[in-house]
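Please keep the sequence and the structure in view while working through them.

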Amino acid sequence: MVNQVVVRNATEKILDKGLYPKTGQVYLLDDITNADYRQAVEDYILEQTEGI
C-alpha cells in the first residue's frame, strides 16, 4: 500500500521541476525506484494532466 501524501508530493516535485534532495538535481520519475510508488505517481500524473 502506498502513501498518497508521498505520491502527491513526489508528483508535485516532478511536475514543478523541483529538486531531488539526495542529488540536488531536478526530480525525475526515474528517481523513484519502488515499483508501487512509481506506478502510483505515473497514475497520479495522468489524472492531474488529463485536461492539459
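1. Helices here are DSSP runs of H or I with at least four residues, numbered from the N terminus. Leu46 lies in one of these, helix α2. The model is a predicted one, and the points below should be read accordingly. At 56% relative accessibility, Leu46 counts as exposed, because the cut-off for that class is over 50%. In sequence, Leu46 and Lys22 are 24 residues apart, and their C-alpha atoms are 25 Å apart in space.

2. The largest nonpolar core has 10 residues in all: Val7, Ala10, Ile14, Tyr20, Tyr27, Ile32, Ala40, Val41, Tyr44 and Ile45. Helices α1 and α2 each supply at least two residues of this core, and α2 gives the most, with four residues. As a general background, nonpolar side chains tend to be buried together in soluble globular proteins.

3. Leaving aside its neighbours within four places in sequence, Val41 is in contact with Val7, Ala10, Thr11, Ile14, Leu29 and Ile32.

4. How many aromatic pairs are there? The count comes to one. Tyr20 and Tyr27 form this pair, which is stacked, with 4.9 Å from centre to centre and 25 degrees between the planes. Tyr20 counts as buried because its relative accessibility is 16%, and the cut-off for buried is under 20%. Tyr27 is likewise counted as buried, at 12% relative accessibility.

5. The count of salt bridges comes to three. One of them joins the side chains of Arg8 and Glu12, at 3.8 Å from N to O. These two residues are four apart in helix α1, so about one helical turn separates Arg8 from Glu12. Arg8 is partly exposed at 35% relative accessibility, and Glu12 is partly exposed at 39%.

6. Which residues are linked in a network of salt bridges? They are Asp30, Arg38 and Glu42. Arg38 forms a salt bridge with Asp30, and the closest N and O atoms are 3.1 Å apart. Glu42 also forms a salt bridge with Arg38, in which the closest N and O atoms are 3.4 Å apart. Glu42 and Arg38 both lie in helix α2, four residues apart, or about one turn of the helix. Asp30 is exposed, with a relative accessible area of 58%, whereas Arg38 is partly exposed at 27%. Glu42 is partly exposed, with a relative accessible area of 27%.

7. Glu42 can also be placed relative to Thr11. The two residues are 31 apart in sequence, and the distance from C-alpha of Glu42 to C-alpha of Thr11 is 8.2 Å.

8. Leu19, Val26 and Leu28 make a nonpolar surface patch of about 260 Å². Leu28 is found in the loop between α1 (4-15) and α2 (35-48), and is partly exposed, with a relative accessible area of 45%.

9. Finally, attention is drawn to Lys17, which lies in the loop between α1 and α2. The phi angle of Lys17 is near 55 degrees, a positive value in a residue other than glycine. Lys17 is exposed, with a relative accessible area of 62%.

Conventions:
Residues are numbered from 1 along each chain as its sequence is written. This is a predicted model: local features need pLDDT of at least 70, side-chain atom pairs count only at pLDDT 80 or more; totals for chains, interfaces and linings use all residues. Side-chain values use heavy atoms; hydrogens and water are left out. Patches are made of residues with over 30% relative accessible area and no salt bridge: like charges are joined within 9 Å, nonpolar side chains (Val, Leu, Ile, Met, Phe, Trp, Tyr) within 5 Å. Accessible areas come from the Shrake-Rupley method with a 1.4 Å probe; for residues, only the protein chains shown count as cover. A salt bridge is a side-chain nitrogen of Lys or Arg within 4 Å of a carboxyl oxygen of Asp or Glu. Buried means under 20% relative accessible area, exposed over 50%, partly exposed in between (1.4 Å probe, protein chains only). Rings of Phe, Tyr and Trp (its six-membered ring) pair if their centres lie within 6.5 Å; planes under 30 degrees apart count as stacked, over 60 as edge-to-face and the rest as tilted. A nonpolar core is a set of buried Ala, Val, Leu, Ile, Met, Phe, Trp, Tyr and Cys residues joined through side-chain atoms within 4.5 Å. Contact means heavy atoms within 4.5 Å.
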